[in-house]
Amino acid sequence: MPPWAPRRPHVVEAPGVARRGSGRRLALSSHGGYWVTSLAAWVGVDSRGPASLYIATDSRISWGNTHSWDSARKTFACHESPDIFGYVGYVFFPALFLPTVIEILSLEEARENNSVTTRQEYLRSIIEHVWSSFPPKERYDLSIVHATRVGEGVRCEFGFQILKLDAKSGTVESERIEIPTSSSHLTFLGSGEGHLKSASAKWAESDSGGTSRAQFSSFCDALKERKDRRSGGAPQLVALHRKNPGITLGVSWDEGFYINGMAIQEGVSVQGISWMNRLFERVGVEHKRLPGAQVHADRR
C-alpha cells in the first residue's frame, strides 16, 4: 500500500455502525449511531411568504474514537445557480463530488429546469448515476440535503429535499420536505440531532421564537454546550434568498472569523463577505455589529 493511501476505517463523519455496500454492518467505533454530525436547515418567512432557506452544520469529522479534525467543509453554495447543500454521514463521496455537482448546475441545461420538482429530480438522477458507479465495497450510507429555488422575487418557489444515498443498493431516494408558511426548522440531522432540537425548543419559548435568527442562535448554542462529542468546530452557514444564487456566509466565532469551517488567518482580508455572529447579526472586522445592522436580542 502506498504511503498516501487512506487507512481503514474510512472517515464516516465520526463513524458509528456504518453500513457498507455489501450490506454487512461494520463496527467502526463504540458510538451508537451512524447519522453523526450536527446539521440544521430552516426557512425564513416574512409577510409575503417564504423568503430564505438556510443550512448550517458543524465542522468536525472523526476517525473512530481516536482523533478528529474541526476544519472539514460540510456546506456548499452554488454561486451561479440557486442551490445550496449540506451532508451527514460518509465524508469521502460528498466532499469530492459536490463541487462537481455545483459546476454541473451552473450549466444552461440545469437552469432550464423550470419547476422545483423537475430540478430536484434532475439533481437526484445526477447523484444516483455517480453513486451507483462508486465501488460497492467502499460505499457507506449518507444523506445530502439540498435547497433550491425556481424564479425570483415574491413569486419564486423554494424546494427542499433530503437525498438518502443507500450503500447496499447504490440508489438515491428523495424525501421532499414541504416548505412551511412560517419561519421554522426543516430538519435536524446527525448525532447532535437531539441537542439541536432541545436548543431550538428553548429559543422557541423566547421573545425571538418563530424567527429565522432563533434557528441559527439555537444551533450555535447547541455547539457551544459541547454535549455531542462528535460535533465541534465553528458553525458553517449557506443561504438561499428570493433573488440571486446561493451564498456562503462567514461566521464570527470564538474571536475568530470562519468560512466553511476554516479559520481566516490574521492579516487576510475579510471584506467582500457577510459575517454573522451567534445572534445572526451582521458584524465587521472587529466582530462588532455593523452600523445600521438589525439588532437581535439574546434568549431570555
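The model is predicted: local features need pLDDT of at least 70, side-chain atom pairs count only at pLDDT 80 or more, and totals for chains, interfaces and linings use all residues. Residues are numbered from 1 along each chain as its sequence is written, and side-chain values use heavy atoms, without hydrogens and water.

**Exercise 1.** Describe how helix α4 packs with helix α5.

*Solution.* 
- Step 1. Find the helices, which are DSSP runs of H or I with at least four residues, numbered from the N terminus. Helix α4 covers residues 193-204 and helix α5 covers residues 212-225.
- Step 2. Take the angle (0 to 180 degrees between N-to-C directions, with axes fitted to C-alpha atoms over the stretch in contact). The two helices pack at about 130°, and their axes lie 8 Å apart.
- Step 3. Classify the angle. Under 35 degrees is roughly parallel, over 145 roughly antiparallel, 65 to 115 roughly perpendicular, and the rest oblique. Therefore α4 is oblique to α5.

**Exercise 2.** State the order of the strands in the open sheet, and name its edge strands.

*Solution.* 
- Step 1. Strands are DSSP runs of E with at least two residues. They pair if DSSP finds at least two bridges between them.
- Step 2. The five strands run β7-β8-β9-β10-β11, with antiparallel pairing.
- Step 3. β7 (75-77) and β11 (172-177) each pair on one side only, as edge strands.
- Step 4. From one strand to the next, the twist averages 20°.
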